[in-house]
Structure formats: C-alpha cells, structure tokens
Amino acid sequence: MNVIEVKDLKKIYNESEVKVNALNGIDLKIEQGEFTAIVGPSGSGKTTFLNMLGGLDLPTTGDIQIGGTDIQNLKSSELIDFRLHNIGFVFQAYNLIPVLTAMENVEFIMQLQGVGKKERQDRAAELLEHVGLGDRINSRPSKLSGGQQQRVAVARALASKPKFVLADEPTANLDSKSTENLLDIMEELNKKEKITFIFSTHDQRVVNKARRVITLEDGQIISDIRKN
Ligand code: ADP
Ligand code: MG
C-alpha cells in the first residue's frame, strides 16, 4: 500500500528578487514499510522535499497524498492536526525541549493528542527502552550526548504512532559510533515494528543501510534504486 503519493510536485521560492526552483516536478510513491534514503548534493532540494512531505510547507503546484488524504486541500488547522496524527519528525539539530526530561519530551506529543497520563507514561517509557535509554528517562537533553538526544527524538517521533517518520539529515551532527547506533535502532524499528522511515543524508554509511535510494539533483529525481 502506498503511504505517500506525490505527483508533479514543484516548489518555487520567490520571497526575494531571485526566484529559486527548488523542486522541478517530482513524481514518487512510497510504500508502507520502506527504509528509504533521499540523497543529493547540498541545495538539491532534500529539505524542501521532506518539508513538503511532512506538510511543514506547501508546494507551489502538484499533489501530495498521504494515506489517501490530499494534504494541500486541508485548512491550516486541519493540517496541524493531520501532522500530529500521521507524521513523525526527526531533525538534524534534535529539537528537544530543553526544560523537559527525555520522558516528558516523548510524552509531549501524546499530551497534544489527548492521550491520558498513565498510557502516555507507559508508552514513553517503552519507547525510550526501545531506543536504549531506559535508564535515562529522567534526564534533560543537556545531560545527554548528541547521539542519546537523537534517540530521544526518534522515540518522540514514534510516540504518536505515525504512518511514517521523516528525518532530515538525522546523523549530520553525530560521530560515527552514534551514527551506527542510531541507524541500527531505526533499522530494527523498521524491521520489527514495520515503521516506515524516509531520511535524507550526505553520509555514505547511512546510504548503505537504506533499502531504496532516491537521488535528487536540481530539484529532480535523477535515480531511484531499490536494493534487495
Ligand atoms: P538541500 O536540503 O538538498 O540542501 P534545500 O531544499 O535546502 O536543499 O534547498 C533547495 C534550493 O532551494 C536551494 O537552492 C536553496 O538555496 C533554496 N532554498 C531553500 N529554502 C529556501 C527559502 N526559504 N527561500 C529561498 N530559497 C530557498
Ligand atoms: Mg537540507
């Protein structure tokens, strides 16, 4: 089943006098359970594309269907709600809330969804256990390494039981050991829990782990390779 279907997606940035054609007609289908890397040189459109898929920014033209919903037709309040229930995000700079503990960071999304306290705490603890942080649930981000913070971010992304997780260069700030560790966890979540991951990267070791590699250049897909 396709979880994402994109048709002739274009994004033109024209806030300044220079018009930038960031995406030039992208067609793509992503199925449930994929572990897919988006690669390409800096400026090729990876972040723009992930932002469109996540409904964080709107395309200039084209369609994006997520689980059968055309997200460009949603009102902004509906889009916020749709995102909350369908999409998990992992960012390059972790973006955890500094005053909250690991557990509270993971709980936060579920709180927005209206999940009760006991269920929230149980699920947050379970997710943090899953990413190898069962003993750090009460630590604030400043007491955790970059790799540990990014694992909290993965747990947080999964808290809402999303249809898929988008990660924009999730390992860009991590050393090689933490990169490997994070990828192992993502791979295990993909294999065992069937979580769909779409991540952009510059890192060849991360590309090697992907089962499908989509390469962007100048806002177009120049190759799309599935491995077995
Ligand atoms: P990547 O993530 O692959 O490095 P981006 O999606 O960030 O690529 O950028 C694609 C192109 O769009 C680049 O030419 C970039 O300079 C431009 N761009 C990105 N965001 C904006 C913006 N908010 N306003 C204007 N141009 C932008
Ligand atoms: Mg980028």
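Which residues lie nearest the centre of the second largest pocket? They are Gly43, Ser44, Gly45, Lys46 and Thr47, among the 16 residues that line this pocket. The model is predicted, so local features need pLDDT of at least 70 and side-chain atom pairs count only at pLDDT 80 or more, while totals for chains, interfaces and linings use all residues. Residues are numbered from 1 along each chain as its sequence is written, and side-chain values use heavy atoms, with hydrogens and water left out.

A pocket is here an open set of points on a 1 Å grid over the protein atoms alone, where a 1.4 Å probe fits and protein lies on both sides within 12 Å along at least five of seven lines; lining residues have an atom within 4 Å of a point. The second largest pocket has a volume of about 170 Å³, a volume being the space filled by probe spheres set on the points. Strand β2 (20-31) and helix α1 (46-53) each give two or more residues to its lining; helices (H or I, at least four residues) and strands (E, at least two) are DSSP runs. By class, this lining has 3 nonpolar, 10 polar and 3 charged residues, with Gly counted as polar.

The largest pocket holds about 340 Å³ of space. Its lining has 15 residues, and Leu84, Phe89, Ile109, Leu112 and Arg156 are the closest to its centre. Two or more lining residues come from each of α2 (76-86), β6 (87-90), α3 and α5. This lining has 10 nonpolar, 3 polar and 2 charged residues.

The largest nonpolar core contains 40 residues, of which Val106, Leu128, Val152, Phe197 and Phe199 touch the most other members. Such a core is a set of buried Ala, Val, Leu, Ile, Met, Phe, Trp, Tyr and Cys residues joined through side-chain atoms within 4.5 Å, where buried means under 20% relative accessible area (1.4 Å probe, protein chains only). Elements that each supply at least two residues include β3 (35-39), α3 (102-112) and α5 (146-159); α5 gives the most, with 7 residues. A second, separate core of 25 residues includes Ile26, Ile66, Phe82 and Phe89.

Beyond four places in sequence, Phe197 is in contact (heavy atoms within 4.5 Å) with Glu34, Phe35, Thr36, Val165, Met186, Leu189 and Asn190. Ala159 lies in helix α5 and counts as buried because its relative accessibility is 3%. Leaving aside neighbours within four places in sequence, Ala159 is in contact with Val106, Met110, Gln113, Arg123 and Leu127. Ala159 and Phe197 are 38 residues apart in sequence and 14 Å apart in space, C-alpha to C-alpha.

Definitions and conventions
Chains lettered and ligands numbered in written order. Buried < 20%, exposed > 50% of the residue type's maximum accessible area, 1.4 Å probe, protein only.
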